[in-house]
Amino acid sequence: MDTAPLPAPTGYYEWDPNEDDVLICRAVRAETHDVKTFVFAPRKGRHFTYRPGQFLTFEFEIDGETIYRCYTISSSPTRPDTVSITVKRVSGGPVSNWLHDHFRPGMMVRATGPMGEFSWAEAPSQPKYLLLSGGSGVTPMMSMARSAYDLAEIRDTLFVHAARSPADIIYRDELDFMSRRNRSIRVAHICEEDSPHEAWSGLRGRLTRPMLEAVAPDFMERIVFVCGPAPFMTAVREMLKTVGFDMTRHFEESFNFEELPTQDREAVEEAAEELSSQVATYRVEFAKTRRVVECPENLTILDAARRAGMRLPSSCAKGLCGTCKSKKLSGEVEMTHQGGIRQREIDQGMVLICCSRPRSDVVIDR
């Protein structure tokens, strides 16, 4: 299977954030009572190329503070003139609430990307797919489904989406429409409860093994993509392991800014165990919060901060997404990133704290 991004038509110029990273909001669309889609286009005549399932990193200026967030692209690369993200309002979330309450067509935002490897373009060639999503985790799956629909692909795709109630099913009408027009796309919705204006008559409760066997009796033969809240993904992972599913055909994606992923916690614990008295330790000060942590030279600044109980924005922990991008006011670090920061930003003193290890005492503007 071709793993390259969908190419732009001949004569088109690709959007390059290194040349112009400003996007203009063209439309805002309500998907549900607490979910909106934001459609963007470049300021100049450019077209987007990406793999369905990838994400963009945005830089928001909110109340005088710069905040970075990753959002999966919910649109399809088959429609290259615009790119869209779909955002659920989160209680207390500074970015999601600001977008819902204040962001309007015509406003501009800086962005970089696309990035990420969560895409069926990266999966082994397989004629049968199972897309499992919960809540706003539907967005990368929707990009894949939209791409298959637009290209009239004959992919045996079963799209199973879990929501709290019928009123919370994101893209409900569009998914049902695609499944009616393209018989290779099948859709099943699962709801935990009724909504005020609709009694749910379909699959009810949380996703279970019997429920999965009912909607996808051949799920053991499929490549499985999972995205949603951490408990949802954990439940799916454990369910598949229990039945002996080949986990090399299981892929998952999550951007949870509030909780440290299990694998990151384990990595921090392992790193802590490996520390020895011979390892140099430096002082890392966070200027805005006036917190100071001790950071061994073989630990990243982000991991040291988390060990000290600090909760800082981060996502990939690999130097890929740019969510943890911060201004370094003083000191030296060794940074090994994977494209989440541009050279001009490095020249301006920006670092990704998820992949930066101190080489002296450091002051970070956070």
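# Briefing on a predicted protein model

Five strands make up an open sheet of mixed pairing, ordered β14-β13-β19-β15-β17. Strands here, like helices, are DSSP runs numbered from the N terminus (strands E, at least two residues; helices H or I, at least four), and two strands pair if DSSP finds at least two bridges between them. The model is predicted, so local features need pLDDT of at least 70 and side-chain atom pairs count only at pLDDT 80 or more, while totals for chains, interfaces and linings use all residues. Residues are numbered from 1 along each chain as its sequence is written, and side-chain values use heavy atoms, with hydrogens and water left out.

**The mixed sheet**

- Strand β13 (residues 281-286) and β14 run antiparallel and are joined by six bridges.
- Within this pair, Thr281 stands opposite Pro296 in β14.

**The antiparallel sheet**

- Six strands form an open sheet with antiparallel pairing, in the order β4-β3-β6-β1-β2-β5.
- Its edge strands, each of which pairs on one side only, are β4 (65-72) and β5 (83-88).
- On average, neighbouring strands of this sheet are turned by 35 degrees against each other, direction ignored.
- Three bridges link strand β1 (residues 22-32) to strand β6 (residues 108-115) in the antiparallel sense, and Leu23 stands opposite Val109 in β6.
- Strand β2 (residues 35-42) is joined to β5 by six bridges, and the two run antiparallel; Val35 stands opposite Lys88 in β5.
- Because five of the six residues of β5 are buried, this strand is largely enclosed by the rest of the structure. Buried means under 20% relative accessible area, exposed means over 50%, and partly exposed lies in between (1.4 Å probe, protein chains only).

**Ser179 in helix α3**

- Ser179 belongs to helix α3, which spans residues 172-181.
- With a relative accessibility of 18%, Ser179 counts as buried.
- A polar atom of the Ser179 side chain lies 2.8 Å from the backbone oxygen of Asp176.
- Apart from neighbours within four places in sequence, Ser179 is in contact (heavy atoms within 4.5 Å) with Ile185, Arg186 and Val187.

**Cysteines**

- A disulfide is a covalent bond between the sulfur atoms of two cysteines. The rule applied here requires a pair of cysteine sulfur atoms within 2.5 Å, and by this rule the count is zero disulfides.
- Cys354 is in no disulfide, and the nearest cysteine sulfur, belonging to Cys324, is 3.6 Å away.
- Cys354 is buried, at 9% relative accessibility.
- Cys227 is also buried, with a relative accessible area of 8%.

**Confidence**

- The predictor's confidence in each residue is given as pLDDT, from 0 to 100.
- For the protein, the mean pLDDT is 87, and 88% of its residues reach 70 or more.
- Confidence is highest in β2, at 97, and lowest in helix α6 (residues 262-274), at a mean of 44.
- Over residues 257-277 pLDDT stays under 50, and the model has 18 contacts beyond four places in sequence for these residues.

How values were computed
Axes fitted to C-alpha atoms, helices over the stretch in contact; angles between N-to-C directions. Polar contact = N/O pair within 3.5 Å; in protein donor to acceptor, adjacent residues only side chain to side chain.
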